[in-house]
Amino acid sequence: MSYKFTSKEVSPTRADVYTRITNEIIAAIEKGAGECRAPWHHDGSAVFRPANIASGKAYRGANVLALWAAGETHGYDSGLWGTYRQWAERGAQVRKSEKSSLVVFWKTSGGDAGEQDGAGEQEQPQKRRFFARGYSVFNVAQVDGYEPEPQPILDESERHAHADAFIGNLDIAIHNDGESAYYRPSTDSVHLPPFADFRDAPSYYGVAIHELGHATGAKARLDRDLSGRFGSRAYAAEEMCVEMAAGFVLADLGIAHHPRPDHAAYISSWLDVLKDDPRAIFTAASKAQAIADWMHQKQSAESSRLDVKLAS
């Protein structure tokens, strides 16, 4: 749900921030319900990695979902965003008729104060208070006078090898031994159909990252338990978390993330969770970002271990 820009920065209440972003994501999911699509499904291109024009940093958590939803709704073909002021500082002008989209940053009071990207509701120390602050941002497609720098293109010949290396660094057992995909907690292993059984390579990687996302919930990893937050809907919330995480990671790897065949069964349950609780998307997005962060951290950890072995 976008709204018209005014001359002042937007400072909606926390409840308003939750509701605005949640409603936009719900609208995007409902728009794609016929194809079982959600905002975290994408074609893997760089335009689906939302980033800020001023800092160059990628958005995180619920902000990724909000900007994916806005891009889907308005047909933007770029993932570059900024505030009115940030575009003006670069000699660009937001067109008068354009409407902004909302992102949220978490501001602290007390302790280590500062602003953080909107990854969602985090478990924070008691002495520090966190509150949400909304910002109006515009896509590069909404401005005049800006010439984007050429983006590097991931070589097709390296893409799948890169993904295989990424998955291998997670150090989670994978067995390509059946007709269905699932994570088995009792053996801490992911089971997938053989690679040749998938309709294309992106489908294989999408399913693999999804199931590996479930594996991150093990006690020895992220120890994820959603029952306290979502009660009887914990299963639907877990599926939503790992699907969003898969979308985040596959976007980083430059691989398309298409709907799985079983998404139709989940769409209605996801919508029920979001409509009943405007804060749910922030919690789910925070958990999804934690999954993606853990997977990326394993890459550097594995590389460091390899360097030690080579040196010895």
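Before the details, the ground rules. This is a predicted model, where local features need pLDDT of at least 70, side-chain atom pairs count only at pLDDT 80 or more, and totals for chains, interfaces and linings use all residues. Residues are numbered from 1 along each chain as its sequence is written, and side-chain values use heavy atoms, without hydrogens and water.

Back to α2, residues 61-74. Helices here are DSSP runs of H or I, at least four residues, and strands are runs of E, at least two, numbered from the N terminus. The α2 and α7 axes sit 11 Å apart, at about 80°. Axes are lines fitted to C-alpha atoms, for helices over the stretch in contact, and angles run from 0 to 180 degrees between N-to-C directions. From α2 come Gly-61, Val-64, Leu-65 and Trp-68; from α7 come Met-244, Gly-247, Phe-248 and Ala-251. Contact means heavy atoms within 4.5 Å. Nonpolar means Ala, Val, Leu, Ile, Met, Phe, Trp, Tyr, Cys and Pro; charged means Asp, Glu, Lys and Arg; the others, Gly among them, are polar.

Helix α7, residues 234-253, also packs on α8, residues 263-276. The angle is about 105°, with axes 9 Å apart. That makes α7 roughly perpendicular to α8. Members of this contact include Tyr-235 and Met-240 in α7, and Tyr-266 and Trp-270 in α8. Its residues count as seven nonpolar, two polar and two charged.

Now the sheet. It is open, three strands, order β9-β11-β10, with mixed pairing. Strands pair if DSSP finds at least two bridges between them. β9 (173-176) and β10 (182-184) are the edges, each with a single partner strand, so one side of each has no neighbour in the sheet. Twist averages 25° from one strand to the next. β10 and β11 (residues 189-192) run antiparallel, joined by three bridges. Tyr-183 stands opposite Val-190 in β11. Helix α5, residues 201-215, lies across β9, β10 and β11, at about 155° to β11.

Last, the cavity. Which residues line the largest cavity? Ala-28, Gly-32, Arg-37, Ala-38, Pro-39, His-41 and Glu-72 do. By class, that is three nonpolar, two polar and two charged. A cavity is a set of points on a 1 Å grid, over the protein atoms alone, where a 1.4 Å probe fits but cannot get out; lining residues have an atom within 4 Å of a point.

Conventions: On a 1 Å grid over the protein atoms alone, a cavity is a set of points where a 1.4 Å probe fits but cannot get out, and a pocket is an open set with protein on both sides within 12 Å along at least five of seven lines; lining residues have an atom within 4 Å of a point. Angles under 35 degrees count as roughly parallel, over 145 as roughly antiparallel, 65 to 115 as roughly perpendicular and the rest as oblique.
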